[in-house]
Amino acid sequence: MKPLKLYEALHALIGERVPLHIWGACGVGKSQIVAQVANDLDYDFLDVRAVQLDPVDLRGLPRIAEDQTEWVPPKFLPTTGKGILFLDELTSAPQMTQAGCYQLVLDRRLGEYVLPDGWVVIAAGNPASERGVHFAMPRPLRNRFVHLDLEPDLDDWCRWAVKAQVRPEIIAFLRFKPEFLHTADATSDANAWPTPRSWEMASQVLCGIARRQKTQFLSGASEFEAQLLDGTVGPAAASELVAFIRLFRQLPSIDEILLNPTMAPLPTEPSAQIAIATALGRAMSDTSVGRAIAYLDRMPTEMRVMAMRDAAARDTAITHTPEFVRFGVECREAIQ
């Protein structure tokens, strides 16, 4: 299931308090999507790592009250409000700990503790093929969940990345080389490889380097930059990204394009056009959208649509401008 579909599924299941287990390779964004849904719904998001718990931890400790034994539930379990109780890496926990979740998942209680009505249980884990710490999920617990498999998707990731302010070099590169979004070679012993999570990390690495060098732009020629990217997304993806960044820096600046959209240089290479369209989608505002469209009109339709979709997703004020409305009418078939 693609991330956007999982997002819709979460909204549907949370409303009905249906327990859901999300399966997926490491780094595809399982916990991030659940956290985003919690934020959108204004729910609390409680991330509980079952692997850090012993089987008795969930029930709590006994104490004597009025000559009877009662159990004091752990403080981290919610008692009021509404939210998502997220059992991350559930299949990394020993089976006895997983078994401790039976009653919590289906009956919404643990001994004397009762999960508040406003809360829902969502869990996530990696399949055994990922070669991480993995314990088979007991069949009774499997039957207490709805199970969905999450797969990475470039369009969904780019849509999220634009809103999350991921650096345009990263987004443009993955649009040009989509095969690098996620490398699912679980047999490799490499320490770093491309995943949606590691690309977000690569964006943060580039931001850190730029801040350290007191510049917004990177040359892509520094061995230091290459080594950091190599350690983030692996050598194959890093070498391709460094080459792309060098190309990115040779393109006309966005300021130059917006200052003179009809005369600014227009590259012919598809990779360069993707880079400029992505950068324009990141930079244009409701006051500069007309000049951006004047430049985009010199490019193929798919590049124009890509830039305008990015801009609209990032800043909805752009969609209310006459220039955007006119573009939507002219390119309505491509947008649909």
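**Sheet and helices of a predicted model**

Q: Which residue in E9 is the bridge partner of His-21?
A: Residues are numbered from 1 along each chain as written, and in this predicted model local features need pLDDT of at least 70, while totals for chains, interfaces and linings use all residues. Side-chain atom pairs count only at pLDDT 80 or more, and side-chain values use heavy atoms, without hydrogens and water. Strands (E, at least two residues) and helices (H or I, at least four) are DSSP runs numbered from the N terminus. The partner of His-21 in E9 is His-147.

Q: Over how many bridges do E1 and E9 pair?
A: Two strands pair if DSSP finds at least two bridges between them. E1 covers residues 20–23, and its pairing with E9 is parallel. The number of bridges is four.

Q: Which strands stand at the edges of the sheet?
A: Five strands form an open, parallel sheet in the order E2-E5-E8-E1-E9. An edge strand has a single partner, so one of its sides is left without a neighbour in the sheet. The edge strands are E2 (44–49) and E9 (146–149).

Q: How is H1 oriented to H2?
A: The axes (lines fitted to C-alpha atoms over the stretch in contact, with angles from 0 to 180 degrees between N-to-C directions) of H1 (residues 3–15) and H2 (residues 30–40) come within 10 Å and cross at roughly 50°. Angles under 35 degrees count as roughly parallel, over 145 as roughly antiparallel, 65 to 115 as roughly perpendicular, and the rest as oblique. That makes the orientation of H1 to H2 oblique.
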